[in-house]
Amino acid sequence: ALRAPVLGLLGIFLAQSGGTKFSALREGNTVALTGDCPNCAERVYAFIPGNRPEARHKSECHVCERGIVFHATVKRHDQSPWRRVACGRIYLVSRSEDFTGGGAAGPGQW
């Protein structure tokens, strides 16, 4: 009998949180970025604050699990439906194995 009210409260919390994020996207306070992972070329996504002129966001590729950094500049664009556009690059984060030859290719191989 207690389970239904608890699950209902959890559902209300999740719906409110999702609504807050969606309204931030709609108002232009958050900008969605997408691009290809520099390691495996899989499509990766991130959300950055849209109220700063430059933003960096550290993340991880969901396929190869390599560290990546989104670096974008956000500009005001009146013709966009969200009044902001972002463009930039995605960088691969270096690991020590990249330089010591301890990667999947074997010792000393590229």
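Which order do the three strands of the open sheet have, and with what pairing?

**Entry 1: the model.** I worked with a predicted model, in which local features need pLDDT of at least 70 and side-chain atom pairs count only at pLDDT 80 or more, while totals for chains, interfaces and linings use all residues. Residues are numbered from 1 along each chain as its sequence is written, and side-chain values use heavy atoms, with hydrogens and water left out.

**Entry 2: the chain.** I listed two helices and five strands in the protein chain. Both kinds of element are DSSP runs numbered from the N terminus: helices are H or I with at least four residues, strands are E with at least two. Along the sequence I read the pattern α-β-β-β-β-β-α. I noted that 21% of the 110 residues count as buried, where buried means under 20% relative accessible area, exposed over 50% and partly exposed in between, with a 1.4 Å probe and protein chains only.

**Entry 3: the sheet.** I looked up the open sheet and found the order β3-β4-β5 with antiparallel pairing; two strands pair if DSSP finds at least two bridges between them. β3 (54-60) and β5 (84-92) stand at the edges with a single partner strand each, so one side of each has no neighbour in the sheet. On average, neighbouring strands of this sheet are turned by 25 degrees against each other, direction ignored. The axes behind this angle are lines fitted to C-alpha atoms.

**Entry 4: the bridges.** I recorded seven bridges between β3 and β4 (residues 67-76). Within this pairing, A55 has A72 as its bridge partner, and E54 stands opposite T73.

**Entry 5: the β3-β4 loop.** I then turned to the hairpin of β3 and β4, which has six residues between the strands. E65 takes a positive phi near 60 degrees there. R66 also lies in the loop between these strands.

Is R66 buried or exposed? I found that R66 counts as buried, because its relative accessibility is 7%. The side chain of R66 reaches the backbone oxygen of V93 at 3.2 Å. I also listed its contacts (heavy atoms within 4.5 Å). Leaving aside neighbours within four places in sequence, R66 is in contact with N39, S59, E60, C61, L92, V93, S94, R95 and D98.

How values were computed. Axes are lines fitted to C-alpha atoms, for helices over the stretch in contact, and angles run from 0 to 180 degrees between N-to-C directions. A polar contact is a pair of N or O atoms within 3.5 Å; within protein, one must be able to donate a hydrogen and the other to accept it, and residues adjacent in sequence count only if both atoms are side-chain atoms.
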